[in-house]
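Visitor: Could you take me through the surroundings of the ligand in close detail, setting them within the protein as a whole?

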Amino acid sequence: MVYAFGLPFETAREEKLPTGRRTAAMSSPILVSVEAGVQRITLNRPDKLNALNPEMHGLLRAALAQADSDASIRCVLLTGAGRGFCAGQDLSEREVKAGAAPIDLSDTISTYYNPLVRRMRALPKPIVCAVNGVAAGAGASIALACDLVLAARSASFVQAFAKIGLVPDSGGTYFLPRLVGRARAMGLALLGEKLGAEDAERWGLVWKCVDDGALAEESARLARALACGPTKGYGLIKRALDASPGNTLDAQLELERDLQREAGFSEDYREGVAAFLAKRRPEFTGR
Ligand code: LHQ
């Protein structure tokens, strides 16, 4: 199913339309479809490199709420339409005219970006990101907030914030130094230079860089595989890894014990062990 503005549209119906006709779903800035346990979210404002505005934030929020509450969704796949992944905040309405009072940006961050990143990190299901093109500003931070990031070879990551006098946000200053170390994080943040996907993979910013033509299939394959996995266990893995940077070894050992206790009560653990001993493939239900 494809959803636009919260309304479901049949994918088949959308595909049957003659060229040139646009449905509400096709013109929606966020496309959402669910198939084989994977919720695919496509940022869909290609003429603006999928720069984010309040409407897109609302639709993203609704999609992630659905991913959270719908047990049939066991993995989210986030990507962008066109030649960009996401150019961050839409700057078209952000010009501060001479003499006008400056807008308090913390309102935008508190209302839209921080809740989005918090929701992504708290989602107890894996989020795969297929970075199909440039990821700039908050667009780069949102990609890094996903769990497994695949990038097309021609894609790039730009900490564009300093170019307009801003500070990396949406978790940028949290994720960057943890992923690539302070020296590289500082260079990226201060200089705002494009980092190509191959370097991003080499630096450990992303999981893998793949050929442009392979990105769609590779990311879909990965998402489908995760959607057949032990979802409950995946959610606990996210919790453990996210807690790790702020914990002492002792605290992390305690947390691992508690999460393992929970994992050990899952149906998927029972199935995993049974399948291993019977030398067959496990059939996980996510419970
Ligand atoms: C855009 C944008 C864009 C509008 C490309 N907005 N139109 C949080 C809280 C509150 C406020 C502020 O921000 C934040 C967080 C942030 O995200 S701050 C950072 C905002 N993002 C940027 O500063 C990135 C701005 N974009 C760029 O630097 C370049 O467009 C990149 C490097 C992404 C891509 O460069 P090119 O491949 O050369 O493409 P282009 O620049 O020609 O862009 C294509 C079109 O997309 C163009 O429109 P046009 O009508 O001229 O064809 C751009 O104006 C538009 N576009 N980013 N953020």
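Guide: The secondary structure of the protein comes to 12 helices and 12 strands, these being DSSP runs numbered from the N terminus, helices (H or I) of at least four residues and strands (E) of at least two. This is a predicted model, in which local features need pLDDT of at least 70 and side-chain atom pairs count only at pLDDT 80 or more, whereas totals for chains, interfaces and linings use all residues. Residues are numbered from 1 along each chain as its sequence is written, and side-chain values use heavy atoms, with hydrogens and water left out.

Around the ligand there are 22 residues, of which Arg83, Ala87, Gln89, Leu91 and Ala138 come nearest, a residue being near if one of its heavy atoms lies within 4 Å. Helix H4 (105-122) and strand S8 (134-136) each supply at least two residues of this shell, and the largest share, four residues, comes from H4.

Turning to individual atoms, a polar side-chain atom of Arg83 lies 2.9 Å from an oxygen atom of the ligand. The backbone takes part as well: an N or O atom of Gln89 lies 2.8 Å from a nitrogen atom of the ligand, and a backbone N or O atom of Ala138 lies 2.9 Å from an oxygen atom of the ligand. Taken alone the ligand exposes 1000 Å², and the protein buries 67% of that (accessible areas by the Shrake-Rupley method with a 1.4 Å probe).

As for the protein as a whole, its C-alpha trace spans about 70 × 55 × 35 Å along the principal axes.

Terms used. A polar contact is a pair of N or O atoms within 3.5 Å; within protein, one must be able to donate a hydrogen and the other to accept it, and residues adjacent in sequence count only if both atoms are side-chain atoms.
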